[in-house]
Amino acid sequence: MNPSSHSPSSSSAASTAELQERRAAPLSTPTDLKSPATEQISNTLSVLLADVFALYVKTKNFHWHMSGVHFRDLHLMLDEQAAQLWAMTDPLAERCRKLGGRTVHSIGEISRLQRVLDNDAAFVDPPDMMAELREDSRMLVRQLRRAHALCAEHGDVGTNSLLETWIDQGEQRIWFLFEASRGAGQDNGTHRTTLAL
Ligand SMILES: [Fe+2]
């Protein structure tokens, strides 16, 4: 036995190397999907997750700042939609981890990745709220479909079964937002050309 192998300096060097190796190792999870595919899919899902968080906060923002004669209906509808978006967040993040990828770590990372734009205006007219959420939802559904195509290409049926439900829910939100804003325009006696899908 070489006594030097147990010297404090050698053991400390070994543990440093071990630590560095552990730090460099990915948070790998066993999966039979291939590495470039899992990386691509988890990156796509992480950007989707950032969009869903941003749209969730915007929907709550409009829920909190709703006003006007349709206050109760719209306030409640947006709360239902926000709950649907919130319910997507954990399964989206956990899909990334199941594939051995990483996902968002912070509000800062969400804000760097999100494609949905924030709305910090002091006042937003309710029909404009509906129109903005509808456009954001259309963008989100488009991106969910793109992610679905990517997963189909790599045989990731686990992610796709979730995406299919979320696409259907997104289309329902668009429908409700469309009908709700059409009602608001008619009641105000105005014709809102922006309502056409
Ligand atoms: Fe509330």
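User: How do the axes of helix α2 (residues 35-64) and helix α3 (residues 71-98) lie, in distance and in crossing angle?

Analyst: This is a predicted model, in which local features need pLDDT of at least 70, side-chain atom pairs count only at pLDDT 80 or more, and totals for chains, interfaces and linings use all residues. Residues are numbered from 1 along each chain as its sequence is written. The axes of α2 and α3 come within 9 Å and cross at roughly 160°, where axes are lines fitted to C-alpha atoms, for helices over the stretch in contact, and angles run from 0 to 180 degrees between N-to-C directions.

User: What makes α2 roughly antiparallel to α3?

Analyst: Angles under 35 degrees count as roughly parallel, over 145 as roughly antiparallel, 65 to 115 as roughly perpendicular and the rest as oblique. The axes cross at roughly 160°, and that makes α2 roughly antiparallel to α3. The contact of α2 with α3 has 16 nonpolar, 7 polar and 3 charged residues, given that Ala, Val, Leu, Ile, Met, Phe, Trp, Tyr, Cys and Pro count as nonpolar, Asp, Glu, Lys and Arg as charged, and the others, Gly among them, as polar.

User: Why are α2 and α5 described as roughly antiparallel to each other?

Analyst: The axes of α2 and α5 come within 11 Å and cross at roughly 165°, and the two helices are therefore roughly antiparallel to each other. The residues making this contact include Leu-48, Asp-51 and Leu-55 of α2, with Asp-136, Leu-140 and Leu-144 among those of α5. By class, the contact of α2 with α5 has 12 nonpolar, 4 polar and 3 charged residues.

User: Why is Val-52 called buried?

Analyst: A residue is buried if 20 or more other C-beta atoms lie within 10 Å of its own, exposed if 12 or fewer, and partly exposed in between, with C-beta atoms placed from the backbone. Val-52, whose place is in helix α2, has 27 other C-beta atoms within 10 Å and is therefore buried. Leaving aside residues up to four places away in sequence, Val-52 touches Leu-85, Met-88, Thr-89 and Leu-92, contact being defined by C-beta atoms, placed from the backbone, that lie within 7 Å. The C-alpha atoms of Val-52 and Met-88, 36 residues apart along the chain, are separated by 7.5 Å.

User: How do you know that Leu-140 counts as buried?

Analyst: Leu-140, in helix α5, has 24 C-beta neighbours inside 10 Å and so counts as buried. Not counting residues up to four places away in sequence, Leu-140 touches Asp-51, Leu-55 and Gly-170. The C-alpha atoms of Leu-140 and Val-52 are separated by 7.9 Å, although the two residues stand 88 apart along the chain.

User: How do you know that the span of helix α5 agrees with the value it should have?

Analyst: The expected span of a helix is 1.5 Å times one less than its number of residues. Helix α5 (residues 126-153), with 28 residues, should therefore span 40 Å, and its end C-alpha atoms are 41 Å apart, which agrees. After α5 comes Gly-155, whose phi is positive, near 70°.

User: How many helices and strands does the secondary structure come to?

Analyst: The protein has 6 helices and 0 strands, helices (H or I, at least four residues) and strands (E, at least two) being DSSP runs numbered from the N terminus. Of its 197 residues, 29% are buried.

How values were computed: Two residues are in contact if their C-beta atoms, placed from the backbone, lie within 7 Å.
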